[in-house]
Amino acid sequence: MKQRFSSGRLPEPKRVLSWVYLGRLCLAGAIFMAAALVWKQAEANITLAASLILVLAAAFTAVSFWYTHLANRRPGRGYLYWQVVFDVLLVAAVVHLTGGPESDFVPLWVLVIVAAAILLPFVGGVLIGVLVSLLFFVDIIWSTHTVNASSVLQMVLFASVALATGYLGDRLRQTGAVLGEVETELRLLRLDTDDVLASIATGLITVDGAGRLAFINPAAADLLRIRASDWLGRPFVAKLDAVAPGLGRVIAQSAETRTPVRRFETDETDGGMVFGVSTTLIQRDEGSLPSVTAIFQDITERKRMDQLRGRAERLEAVAELSASLAHEIKNPLASIRSATEQLTGDGIDADDRQVLGNLVVRESDRLSRLLTEFIDFARAKLRAAERLDLAKLVRHAVDVVMAHPQARGVEVSVEVDAASEHVDVRGDEDLLHRAVLNLALNAVQWAGQGGKVEVRLDAVDTDLMAPRLGAARAVRIHVSDTGPGVPEENAEHIFDPFFTRRPGGTGLGLALVQRAADAHGGAVFVDQPRGDGWGATFAFYLPALPAAGADEQSGGTEVAVGLEDPHSPV
């Protein structure tokens, strides 16, 4: 098994024992070779001791090697104590044979103490240090019968090394245990994560800053109909766009802008599939592009169901709109018919005839205005688009409102947030102008004489934008007034055609605002009341475009409105 090391961790006992075995054999062999070179001149007890040292060291090491490496037994604490004690005795014999305290092999005691600190717990390492000092002291008394300052200093050195290495070894051993637990937990966590990613039906891919595929789960490989092994580590963005049009583009956009995409819908693949995508970023190096992880799933069936539901809702809306229009036309027609019948009769004086004539004209004008606004509402659809400065457009629309007769005596103000001053949108200028005009004029009409209207423009992050735009950045227009506000029971119907609470209103102004928002991939809501005397607040959201000169992504067919003979809103 391959051994692994981490900073702050002691090597495993088996690896340390391998070096102990090798050092032991080298020491015994060196002593025997030294004795062999002077065999004839050496005393018999010296050569005998050298031979015994070699034989005992070789035999003990062979048995130990078999136990730990061949039989693959885990060395216990008693085994480790025996190994260290044997080496202590071996070095003691070598030092004694080669001159005692004056031997050149005295530093070997330090190596034995270090090995004990690594293999044994703190107390064991200290005990070995005490044993070494005791044997060295006995050897001094045996050889010289005197203890000098140098010998005492060496014994103090052995004790100090034993304490220091024992303490460090114990601390490193504890750190190693903690790191081992963390590694085990991380390994288990990674296994669990891999199992989860392999079992979920949602596709997940990670592309590094260079555009190479770093990770892909089985579900993503199945959805994209590719083999993961063929693309790992290779440039993948272009392949993504070829398989799922738009997926590679949105990943590249996330990396370049360093902005995650919350919702995005790809174009249809060759197999007719549409993917819903969101992205996240992992920035590993400030100087390079981040890695992008894309999470996507097949939303083809959901899109089809949404289309069927939308078709049914449109048919229902047409039916309701037709009924409402018929009702709105029926009342003026009834009045006109009644007045006409009276005008054609006998016995009507001049004053009554004038009143009835005025009634016919007034109701005819009402019908004409109603039909004109309905035609404008029906024709409010997009055919082409251009880049627009929304702040400029809002200011111009408010200027028109302030010149309206109904705005006399109403304080109208415009506030543009600095962050949105130069944020552009893509759309039709005329339709957006009419939408802002309707919102502001509606606020003026409800504020009344002495009231206030505030129009605020700011940039926000939101998920309300059309998914195909693939961007969460939006521009919001807030229109607030000091009128009575919108009752909670009416908030749900405030944008319905012909729904109105204002006498003389047609109920098509806010309905046109709703259509303009839908046509531009935006949204419009009645916000919560602001308080402090303020009544209704309308929030109109539009997708923001990147800064001028940056790559733009329209996310759909370019549009513009075709309005023939536009009229002032009501």
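How do the axes of helix H1 and helix H4 cross, and within what distance do they come? The axes of H1 (residues 13-37) and H4 (residues 108-119) come within 11 Å and cross at roughly 160°. This is a predicted model, in which local features need pLDDT of at least 70 and side-chain atom pairs count only at pLDDT 80 or more, while totals for chains, interfaces and linings use all residues. Residues are numbered from 1 along each chain as its sequence is written, and side-chain values use heavy atoms, with hydrogens and water left out.

**Overview**

- The protein has 15 helices and twelve strands; helices (H or I, at least four residues) and strands (E, at least two) are DSSP runs, numbered from the N terminus.
- Of the 570 residues, 39% are buried, where buried means under 20% relative accessible area, exposed over 50% and partly exposed in between (1.4 Å probe, protein chains only).
- Taking contacts (heavy atoms within 4.5 Å) between residues at least 6 apart in sequence, 67% join residues at least 24 apart.

**Two helix pairs**

- The crossing of H1 and H4 at roughly 160° makes H1 roughly antiparallel to H4; angles under 35 degrees count as roughly parallel, over 145 as roughly antiparallel, 65 to 115 as roughly perpendicular and the rest as oblique.
- Axes here are lines fitted to C-alpha atoms, for helices over the stretch in contact, and angles run from 0 to 180 degrees between N-to-C directions.
- H1 passes H4 in a left-handed crossing, meaning that the near helix is turned anticlockwise from the far one by less than a right angle, with clockwise giving right-handed.
- Pro13, Val16, Leu17, Val20 and Leu27 of H1 make this contact with Leu108, Ala115, Ile118 and Leu119 of H4.
- By class, the H1 and H4 contact has nine nonpolar, no polar and no charged residues; Ala, Val, Leu, Ile, Met, Phe, Trp, Tyr, Cys and Pro count as nonpolar, Asp, Glu, Lys and Arg as charged, and the others, Gly among them, as polar.
- Helix H3 (residues 77-97) packs with helix H5 (residues 122-143) at about 20°, their axes 11 Å apart, and that makes H3 roughly parallel to H5.
- The crossing of H3 and H5 is right-handed, and the residues that meet include Tyr81, Val84 and His96 in H3 and Ile128, Asp139 and Trp142 in H5.
- Twelve nonpolar, three polar and one charged residues form the contact of H3 with H5.

**The five-stranded sheet**

- An open sheet with mixed pairing runs in the order E7-E9-E10-E12-E11; two strands pair if DSSP finds at least two bridges between them.
- E7 (411-416) and E11 (523-526) are the edge strands, each pairing on one side only.
- Neighbouring strands of this sheet are turned by 15° against each other on average, direction ignored.
- E9 (residues 452-461) and E10 (residues 473-481) run antiparallel, joined by nine bridges, and Val455 stands opposite Val479 in E10.
- Helix H13 (residues 390-402) lies across E7, E9, E10 and E12 (537-543), at about 175° to E7.
- Helix H15 (residues 509-519) also packs on the sheet, touching E11 and E12.

**Around H15**

- Buried residues of H15 include Gly509, Leu512 and Ala517, and just after H15, Gly521 takes a positive phi of about 75°.
- Pro497 sits in the loop between E10 and H15 and counts as partly exposed because its relative accessibility is 26%.
- The C-alpha atoms of Pro497 and Leu512 are separated by 8.3 Å, with the two residues 15 apart along the chain.
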